[in-house]
Structure formats: C-alpha cells, structure tokens
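User: I would like to go through this model and ask what stands behind each label. Please set the values against the cut-offs.

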Amino acid sequence: MNDKPTLLILAAGMATRYGSLKQLEAFGPNGETIIEYSIYDAIKAGFGKVVFIIRQSIEKEFRAAMQDKFSHAVEVDFVLQELDILPDGFTVPENRVKPWGTAHAVWVAKSKLTEPFAVINGDDFYGYESFRIMADFLKTGQKCGLVGYLLANTLSEHGAVSRGICEVDAGGNLVSITEQTHLERGQNGIVAITPNQEQIPLAQDQMVSMNLMGFSPELLPYFEQYLTEFLQESAQIPKAEFFLPLVLDRLVKAGVTRVKLLPTPEKWFGVTYPADKPVAVEALQKLVEAGVYPENLWGKKTETIR
C-alpha cells in the first residue's frame, strides 16, 4: 500500500451554469487548467496518487489532456461516473438526467481508494496551504476532516453558489454541515435562499466547506449505506443529489466518527459562471508573478518541487 494519500478530483460535472467544459479550460499563462494547480500543490504537499472522476462523454478529451502531463511525478488513474452505476437493485428513473452528486462519485471510485484520500472539486482553486493541512491530517490516521474557508472568501460576484455551511463545537469538531445550493451577497449581506424562497442571513466569517474533505478508506462502506438510503427516499426526485456534506452530517450525527474542521488561511477562487474566468486568470497571473508558481507549471520535473 502507498504510504502517501490519494487525491480524488471530481471532474464529471455538467457545468450547466458555466456553459462549457470548464474542467479543461485554460487559465494559466501556458494554458494550465485550474485542476493542474491543485495537482501541483497536492504533489508538493505529499499526495502520491491522483484519481479523476469523469464522464464517458468527456473521457477521450480528458485523458488526452491529463494522462501524461504529470504522470512522471504522481500515479494517475481515471474512474467513470455514470447514472447507471448504482448499488444492486436500483435502476435509473426515466426522468433522471442530472448526475447523482459528489458523494455518489466517491462511492463509484471506492475500488481505487485504498489509501487515506482527499476529495476536491475540479473547478475550484484551493491553495497550497489547504493541501498541506489536509495531507498532514490524513497522515495522522484520523478518520475524517474537512478544510474550512471563510464564507466571505468563497463567493462569486456574478451569481449564486453552493456551499456546505459548517457548525462546529469548541474543540473544532463538526456538529453539522448543511448544503446550501443558492448563496449570494445581497443588499443586506450574505444570504442563503432556500427552495421555498426563504432568505437565511449568514455571517461573513461563517465557516464553509468547498468539498476539500479527507477520509479513511474504512469509512467507504458508509457511503454505500447512505447512498442506498438516499435512493430509497429520493431517487424519483429529478434534481435530488447525494452530496458529500450529507455523508459528513450523517457520520457525525450517527456517532460513527468525529469530523475535524481544519481552517485554512487560503482564499478560494473558482469558475461557476463565464464572468468568473477573467478574475481567475488574473489571480493566477498574480501568483505566478509573486513566485508562488512557475510561469510554465510543468516546465521542470515535478518531483523536484519542494
């Protein structure tokens, strides 16, 4: 078994709000994707394997772009997330088009996750310190943790976003996490708008999850248990999703494990909407100019990066 943790990258999303395959879109000065900056930081932080979750419809394009670019420095693997990959006894409802969600993606990849692993979104920039914090945590042998960001550091200026709202106890352990799918900055501050159009005010320093979560492989059976229960209850709801925060919330409330919230000093940026792209490009250019990243990310052997 590899003694280094695995990085699982969620890249099967349909990007409905962005309008194109943003997972492979160029943002860096030499055409680098946001995913590549995450991989660069993860290698530097001590991750030893990268597993991409993708769709069959983008497999050829994705493999061509990613297969050999950094395989000299880290093991690379791919897993397909499709609607019909479900536990025994379940089939896809006729009206289902939307993917089953981020926690379903982890369940689909379970055979590749033999080491402690971290999960990230493919279209979010997390920053090196976030990966270092998570890698160090996973090496301690603890079962589950998530990197927390200040809500004010994770909003788009161009529309609503989805975030996991975290509540923690005095010891920094998760008490609850709730996925809010419509967060935005309004005239009176930051609000979450529920499906019933109720507005819930949130503080700027509220801790949120950006899906940078870490797990011991021994927790994977719970993904199947909770996925089965989700499908029994919600499979016929066309837009229902099996989110990662749902799994963490269940683990905590069932007393399976404590989940440590790991604050990061990093400021997030990402691409939810087309108008987010120039902001991301500028942010990466500034990091290159500051010497945080080389201008050509893969211009030298990655194993020498420390």
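Analyst: This is a predicted model. One place to begin is Asn211, which lies in strand E11, residues 207-215.

User: What makes the phi of Asn211 worth a remark?

Analyst: Asn211 has a positive phi of about 70°, although it is not a glycine. Most residues other than glycine have a negative phi.

User: What is the phi of Gln197, and where does Gln197 lie?

Analyst: Phi of Gln197 is near 70°, a positive value in a residue other than glycine. Gln197 lies in the loop between strand E9 (189-193) and strand E10 (199-202).

User: How do you know whether Lys22 is buried or exposed?

Analyst: Lys22 has a relative accessible area of 10%, so it is buried, the limit being under 20%. Lys22 lies in the loop between strand E1 (6-10) and H1.

User: What makes Pro294 neither buried nor exposed?

Analyst: The relative accessible area of Pro294 is 25%, so Pro294 is partly exposed; that class lies between the buried limit of under 20% and the exposed limit of over 50%. Pro294 sits in the segment after H7. Leaving aside neighbours within four places in sequence, Pro294 is in contact with Tyr40 and Val288. Pro294 and Pro29 are 265 residues apart along the chain, and their C-alpha atoms are separated by 9.6 Å.

User: How many disulfides are there, and how do you know?

Analyst: The count comes to zero disulfides. A disulfide needs a pair of cysteine sulfur atoms within 2.5 Å. The sulfur of Cys144 is 11 Å from the closest cysteine sulfur, that of Cys166, which is too far for a bond. For Cys166, the nearest cysteine sulfur is that of Cys144, 11 Å away, and Cys166 is in no disulfide.

User: Are Cys144 and Cys166 buried or exposed, and what are the values?

Analyst: Cys144 has a relative accessible area of 2%, so it is buried. Cys166 has a relative accessible area of 4% and is therefore buried.

User: Why is helix H6 described as largely enclosed?

Analyst: Helix H6 covers residues 244-253, and seven of its 10 residues are buried, so the rest of the structure largely encloses it. The buried residues in H6 are Leu244, Pro245, Val247, Leu248, Asp249, Leu251 and Val252. Just after H6, Gly255 takes a positive phi of about 75°.

User: Where does Phe243 lie, and which residues does Phe243 touch?

Analyst: Phe243 lies in the loop between helix H5 (220-234) and H6. Not counting residues up to four places away in sequence, Phe243 touches Thr102, Ala103, Glu179 and Thr181. Phe243 and Phe47 are 196 residues apart in sequence and 24 Å apart in space, C-alpha to C-alpha.

User: Which residues touch the most other members in the largest nonpolar core?

Analyst: The largest nonpolar core has 57 residues, of which Leu7, Ile39, Phe47, Phe52, Phe62 and Met134 touch the most other members. Helix H1 (residues 34-45) gives the most to this core, with eight residues. Apart from this core lies another, of 42 residues, including Val108, Cys144, Leu146 and Val252.

User: What does Ile39 contact beyond its neighbours in sequence?

Analyst: Leaving aside neighbours within four places, Ile39 is in contact with Ile9, Val50, Phe52, Phe70 and Trp298. The cut-off for contact is heavy atoms within 4.5 Å.

User: What makes up the lining of the second largest pocket?

Analyst: The lining has 22 residues, with Lys267, Trp268, Phe269, Val279 and Ala283 nearest the centre of the pocket. The lining divides into 12 nonpolar, six polar and four charged residues. Strand E13 (269-270) and helix H7 (277-289) each supply at least two lining residues, and H7 gives the most, with four. The volume of this pocket is about 440 Å³.

Methods. Residues numbered from 1 in each chain as written. Predicted model: local features only at pLDDT ≥ 70, side-chain atom pairs only at ≥ 80, totals over all residues. Heavy atoms only, no water. Core = buried A, V, L, I, M, F, W, Y, C linked by side-chain atoms within 4.5 Å. Buried < 20%, exposed > 50% of the residue type's maximum accessible area, 1.4 Å probe, protein only. 1 Å grid on protein atoms, 1.4 Å probe; cavity = no way out; pocket = protein on both sides within 12 Å on 5 of 7 lines; lining within 4 Å. Points joined across faces, edges and corners; volume = space filled by probe spheres on them. Nonpolar A, V, L, I, M, F, W, Y, C, P; charged D, E, K, R; others polar.
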